[in-house]
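Visitor: I am new here. Please walk me through the labels used for this structure.

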Amino acid sequence: KSLLLLLPFCWGPVCSVRALWHIHSGSFGEVWLCEDVLSEKKCAVKFSTSEGTKGVQQIKIEGKIQHTIASSSQRPITPQLLDKGVGFIVTECISGYPLHLLVDEHLDKETAKWWSWQILLIFHDLMKMGWVHLDIKLDNLMLDVQTGILYVIDWGKARKITSLQVQPLVPSDTLTLEQRNTYWYSAPEHCHDFTDWGGPTEKVEIWSLCCVIRAIFDPVDGFTEDDFYLWNGVLCSMVPQVHLETCPHASPSSSNLEMWDFQRPPPGCRCQAPENRPADLQPTVDLLKEWIQHGQDKSSLHTCTVSPEGV
């Protein structure tokens, strides 16, 4: 059934919007593909469905953050914010798909490189502006099929960079399906209540980016020996593997990110503690650029301790 929403739009003082399609339901609200009844322009409307003021406040914060980031960036990072009000935000409609629907065994190597390059540049710029997204996953990366540009969506957890510890997620046995997906991409201090792990938020962000890059390339075939070195170098620059060599919790065969469940090291294991992880994306950006340009110099991959045969 069609639904009419009366919203104060930037397109006019009051706009009648017809809800066309339910896109997504989250913890704070719903997202609908809508159409202006008069102009027939498409847009995406996110509004709170939570009881009380918490959901309304969250949507308000998300709209403010999205507007701040979009106005500060020199590149398209997020869909254009058209309007925001009490308990709702309206953005432009992107004709495309989230990456989790596009990453499969048919993905070619060059496309995977291009997507990864865009993702790294987006979040490199975001951190230089002093922001972290804190919910990076394939579901929140939208590909515009007409332009090939990737956009970041769902800014509900975004925050200014801080040295304070990120609030851990709720225990895994109480997570919803959506939260479990977030959990897979989250750093150890985000997954567990590691009270002594007070890592800065950019280290949490970089961990999630490593999980995203790995998820994009895992199904890709056609790797050469040099591809393996460079791919592992990219991952090592975000989550160093060298610590697995001496980790008492890693089995002898667990010599690479494929074999070890590096999202959830046991409590007490400090091999992937924040002090052992980078807080800067520049080395990763440089390595991926070298890979895209088909660099063959293995001497620059000193951070990588995994041989191609071990992958």
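Guide: Start with Lys46, which counts as buried at 15% relative accessibility. This is a predicted model, where local features need pLDDT of at least 70, side-chain atom pairs count only at pLDDT 80 or more, and totals for chains, interfaces and linings use all residues. Residues are numbered from 1 along each chain as its sequence is written, and side-chain values use heavy atoms, without hydrogens and water.

Visitor: Why is Lys46 called buried?

Guide: Buried means under 20% relative accessible area, exposed over 50%, partly exposed in between (1.4 Å probe, protein chains only). Lys46 has 15%, so Lys46 is buried.

Visitor: What makes Asp154 and Lys46 a salt bridge?

Guide: A salt bridge needs a side-chain nitrogen of Lys or Arg within 4 Å of a carboxyl oxygen of Asp or Glu. Here the closest N and O atoms are 3.4 Å apart. The pair links distant parts of the chain, 108 residues apart. Asp154 has a relative accessible area of 23%, so Asp154 is partly exposed.

Visitor: How do you know that Glu35 is buried or exposed?

Guide: Its relative accessibility is 14%, so Glu35 counts as buried. Glu35 forms a salt bridge with Lys42, with the closest N and O atoms 3.2 Å apart. Lys42 is at 39%, so Lys42 counts as partly exposed.

Visitor: What makes H6 and H7 roughly parallel or antiparallel?

Guide: Angles under 35 degrees count as roughly parallel, over 145 as roughly antiparallel, 65 to 115 as roughly perpendicular and the rest as oblique. H6 and H7 pack at about 160°. They are therefore roughly antiparallel.

Methods:
Axes fitted to C-alpha atoms, helices over the stretch in contact; angles between N-to-C directions. Helix = DSSP H or I, 4+ residues; strand = E, 2+ residues; numbered from the N terminus.
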